[in-house]
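I opened the model to look up a few residues. My notes follow, in the order I made them.

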Amino acid sequence: MEDSVFTQAQGLSSAEVSDALDYFGLPGSVPGLVPVAGPRRLFGPAFTVRFAPVDSQSPGTVGDYLDDIPTGAIAVLDNAGRGDCTVWGGIMSQLAVHRGVAGTVIGGVCRDTAEADAAGYPLFALGRFMRTGKDRVQVDAVGVPVTLAGVRVAPGDIVVADQDGVVIVPAGRAHAVFERALAMQAVELRIVAAALDGMSLRDARRQFGYHTLQRKPAAA
């Protein structure tokens, strides 16, 4: 992600990226996920993990995949939206910080958020809950497409998250999406500047095409 567009994109908000996804008719805005601990900002590639109910015949583990997450990647955990048991806790947060993991996004809940706060580790989830996932769920697959609240996340997709929520940008469309988001951001800044300079908001929006900024272009 050394391209200048990607460098600039790191300053985009989740709302700006969501609007750009709308322009291309792409899904990606994940409902329900909110910041629950640590800094309220994430930008980076997804490292995906899918959980499943524990197999009583050959129970697996809940967190050994941490050893395999690359520096700068974001752990994206699909626990099927379960709110009755956690798949991330204090040990994971402390080790993730030490190993340079950028943050964690969970389709489910997490615990030990005070430890994540103390470590300065970003966590986004459906909420907090104290009960362990051990002997309740186990890792089913790593590095495969997963789902967060109906939104597909493939390994390497770009995660953008802030205080407003989480957006997933397909890796193969990321350059175009971020380029569009940056262009839309520039237009909105011009609208604000014009309105602050005395133009009515109605006229500023009309002049710069605000109401069609995110509208998917008609097929040729």
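**Notebook: strand, cysteines, phi angles**

I located Gly103 in strand β5, residues 103–110. Helices (H or I, at least four residues) and strands (E, at least two) are DSSP runs, numbered from the N terminus. I am working on a predicted model, where local features need pLDDT of at least 70, side-chain atom pairs count only at pLDDT 80 or more, and totals for chains, interfaces and linings use all residues. Residues are numbered from 1 along each chain as its sequence is written, and side-chain values use heavy atoms, with hydrogens and water left out.

I checked burial next. Gly103 is buried, at a relative accessible area of 0%. Buried means under 20% relative accessible area, exposed over 50%, partly exposed in between (1.4 Å probe, protein chains only). I listed contacts of Gly103 (heavy atoms within 4.5 Å). Leaving out residues up to four places away in sequence, Gly103 touches Leu42, Ala73, Ile74, Ala75, Tyr121 and Pro122. Ala186 is 83 residues from Gly103 in sequence and 28 Å away in space, C-alpha to C-alpha.

How many disulfides are there? I took a pair of cysteine sulfur atoms within 2.5 Å as the rule. The count is zero. The sulfur of Cys85 has its closest cysteine sulfur in Cys110, 12 Å away, so the two are too far apart for a bond. Cys85 is buried at 0% relative accessibility. Cys110 is also buried, at 0%.

I then looked at backbone angles. Asp112 is not a glycine, yet has a positive phi of about 55°. Asp112 sits in the loop between β5 and α4 (113–119) and is partly exposed, at 31% relative accessibility. Ala149, not a glycine either, has a positive phi of about 50°. Ala149 lies in the loop between β9 (146–148) and β10 (151–153).
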